[in-house]
Every structure is written in structure tokens, then in C-alpha cells.
Amino acid sequence: MSVTDQVRVPGRDRRGDGDHAPLFLVDGKPASVPLRDLPAVARKLVAHFADNVAPCSLRPGESLRGDVTEVTVRCLRIAIHLLDSGELPSDAELADLRSSAAQWARAGFRLEYMLRIYHEGIRLGWELVTDRAREGDVSSVADASRLWMALLEKVTVAATTGFVAELDAIRRERDVAAQELVTALLSGQDAATVAQRSGLVLADTYTVLAVSLTRHPDERNPHVRPEVVARRTLRRVETELEAICEGRHLAMLGPEGGTVLLPESPSTEAIEEFRQRIETVAGVSVTIALVHAPVREVPIAAKQAHELLDLARRLGRPVGAYGMQDLALEYQLTRPGPARRHLARVLDPLDESPELVETLETHIAHDLSRQLTAKTLHVHANTVDYRLKRVAQLTGFDPTRPSGLRQLQAALTARRLEQESSEQG
């Protein structure tokens, strides 16, 4: 049984057209009477919306205010017909509401504002209708209220459907355009022409982020398909990026990470906060390397950022955000040559004493803390001192002095990179 059937009043024609009496009466008059002066009621409602719902979007003279007024008049006509005939809006009327909502979405109107406008309009309309109600109108008002609630549901669903569908279309259009632009930027093509064609804004400079995402723990769950978990994780990352950057970023991402371009030059500290937000939302470890560059140098910057990211992983650095200033020496040592081979040979005298190399690496990893180094290696602090002295004696570089420590750190990095090169060769 439909809502209109449930509130049928015996002896009344349901259409309310022509000579037929209106379905609902209040104080002996048609319930729709307070709504019939369409221009006056619409002005009152739109003024309320402008003052209480969307003050920045509905200022006098703005085109959107005219659109809201037009939709308000349309809804008032629907409400009048509902009260006179008991008929809910037709499919054509609901389609018009969907179309109007889509236009608002395209204009950048907020969904929150649109829904509040509809709800406030229907609430205020109901107050106008029932303000004259007397004790004898209880039955009529109760019947009308059920239809009024059904009207609220249909209008809300229609408007929301139209709005969200248009947002999805806008997002798809932007995604396609953004992919074209980020591809042009990373490949060194004519990004300006692509941006102009797509309607996107091309920044003068970009911060290029190389992003690494670890596997989500749920991917190891035998009862869950790993690819499904990976897609969900990636979607959470993309959603958080959208929220943080407000759609101004460009990204080329997959389940393991990828490249993100930010149209600004945030500090490493800001990127670290950015990284932590993504990590928290995605539930995976995130490592980022960043390089700032003008548009013409984005391809080179992207290559450098990914080299830095790869270097941080190869050196066992903890998750975090790394710039060139954090890995400049190590980055330079990735270039093979006589200098790197010379540095790597600094540690050759320690080949017969692997515990000395282990102690040196652990000591550096713990910021030169004797206590933490001893605890990690399960030895006495005096043993750590002895081993570090032996490193100094065998290599000629004292790890307890800044000059010697720099040389030994570089030697450890060069040795690891030389070993990797030999294994790959």
C-alpha cells in the first residue's frame, strides 16, 4: 500500500484539480493557502537560506541565488499539489530536481548546504501550513504530515542522487585530465598545452614526491584476497591525498607507491606531517623522498627522488621523509668510481673481525650512545669502547672523533654499495 493510499480521505477526490475540493484542510481552508503566493514565500525562504544556511554562496546578485530561488518555487508548486491532491512528485519533477542539483555540484556548491536548504525549506513550509491549525484539524494534519515526510524523502533522495552523480562525473573528468598532465610533466612533454586543454592549473614549480607503501598486514590473511586489500589501501591513500591537497596535487600511484606532484614547496617537516597522515589512514608504513623543481626539470627531479627513495631503503633507513640534504653524501656515493672504491677499502682491515664492523654500525645507528650500543649487542659498555678503539687502530680513523666518524660512515655506505654492485654484476 502506498503512502498516498494510507492517507486517503473518504469522499474526497485525490486530484484536487478543477472543481474538486482540496484533499487537506486547515482551519476550514485549503492547507496549501499559505504557500500559494509563490514570489513572496520564495523570497522569504531564500532570505532564510542566505542568512542561516549558505551565507557566502547566496549573496544578493549572485547567479546561484537565482538558481536556488527557481528550485524553491518549483518545490513550492510540488508541495501545493501534494496538499491539494495527495500526490507525490512525478518522475519528471524529480528528474528536474536531480538536474538542478547536478548544476549546483558543477558550480562548486557544497552538498551540505544543498541538503540543509531542502530540509530547511520543507521544515519552514510545514510551519507555514500548520500555523493556522486548530483542534479540529488534528486528523487532517496527521494525514498530511505522513505525506510531507514522504515528500522530504523523495526530494532528498532525488537531489542527493543528482548531486553525487555529477560529483562522480567531475571527479572522473579531473582524473583523466590529471593523468594526462602528470604524464606530460614526468615525460617532459608540453605540459602547458595539456593543462590549457584540460582546464587544470599548471604551477611554476613542483615538489616531486617519490612514495613507497609497504604491504598492508591484511594481505597476509589467507582468508582475504591480497589484491582486494591492496586496492582498498590505495583508495584510502588517494582519498587522504585529496583531503590534504584539496585536489591540487597530481599523482601516479599503485599499490606499492609511485609519484606525487605538489604545486608548492613545502618543507621536509611539512612533508613528514603529510606522510604521517597518509600512514595513519592507510595502515601501512610510508617512506617519502622529495625534490623541488621548476616545471621543465620535473622529469629529472622525479628520477632523483626515486633514486633517493631507493637509497634510503637500501641503506636500511627508517620510514620517514627524506630530502637531498638528508642523503647528499650517500647519494653521491651511489656513483661508482675510484673515490667510492677507495672509501670502501678503508674497512678492509676489519674483514677478519666482523664484530668490529657490527659494533661500528650499531654505534652509528644509535647516535653514538655507548649504553644503547652495548644493550643491543648484549655486551658491556667497556667492550664497546675497546672495539671502537680497535677500529681506530686498524683503519686509522677514530669513530669517537667527528673527522674520523665522517670517514667511517662514508666508508660503510661505499662498502655496502660496492658489494651490491658486485652482486648485481
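**Figure 1. Lining of the second largest cavity in the predicted model.** β3 (205-213), α8 and α9 (268-282) each supply at least two residues of the lining of the second largest cavity. Helices (H or I, at least four residues) and strands (E, at least two) are DSSP runs, numbered from the N terminus. The lining consists of V211, L213, V237, L241, L253, V260, F274 and I278. By class these are eight nonpolar, no polar and no charged residues, where Ala, Val, Leu, Ile, Met, Phe, Trp, Tyr, Cys and Pro count as nonpolar, Asp, Glu, Lys and Arg as charged, and the others, Gly among them, as polar. The volume of this cavity is about 40 Å³. On a 1 Å grid over the protein atoms alone, a cavity is a set of points where a 1.4 Å probe fits but cannot get out, and a pocket is an open set with protein on both sides within 12 Å along at least five of seven lines; lining residues have an atom within 4 Å of a point. Grid points are joined across faces, edges and corners, and a volume is the space filled by probe spheres set on the points. The model is predicted, so local features need pLDDT of at least 70 and side-chain atom pairs count only at pLDDT 80 or more, whereas totals for chains, interfaces and linings use all residues. Residues are numbered from 1 along each chain as its sequence is written, and side-chain values use heavy atoms, with hydrogens and water left out.

**Figure 2. The largest cavity.** The search of the whole structure finds two cavities of 30 Å³ or more, and the largest has a volume of about 220 Å³. Its lining comprises 18 residues, with T72, C75, L76, G121 and I122 nearest the centre. At least two lining residues come from each of α2 (38-52), α3 (63-85), α5 (111-130) and α6; α3 gives the most, with seven. The lining has 15 nonpolar, three polar and no charged residues.

Figure 3. The largest pocket has a volume of about 480 Å³. Of its 15 lining residues, R317, E330, I364, Q409 and T413 are the closest to the centre. Helix α16 (402-424) is one of the elements that supply at least two residues, together with α11 (324-333) and α13 (354-365), and the largest share, six residues, comes from α16. The lining divides into seven nonpolar, two polar and six charged residues. Because domain 2 (210-333) and domain 3 (336-424) both contribute to the lining, the pocket lies between them; domain bounds come from an automatic or database domain assignment.

**Figure 4. The second largest pocket.** This pocket has a volume of about 340 Å³. Among the 15 residues that line it, D175, R235, E238, E242 and H249 are the closest to its centre. The elements α6 (138-187), α8 (226-245) and β4 (250-254) each supply at least two lining residues. Six nonpolar, three polar and six charged residues make up the lining.

**Figure 5. An aromatic cluster.** W104, F109, Y113 and Y118 form one aromatic cluster. Rings of Phe, Tyr and Trp (its six-membered ring) pair if their centres lie within 6.5 Å; planes under 30 degrees apart count as stacked, over 60 as edge-to-face and the rest as tilted. Four aromatic pairs are found in the whole structure. The ring centres of W104 and F109 lie 5.5 Å apart with the planes at 75°, so this pair is edge-to-face. F109 and Y113 form a tilted pair, 5.9 Å centre to centre with 55° between the planes.
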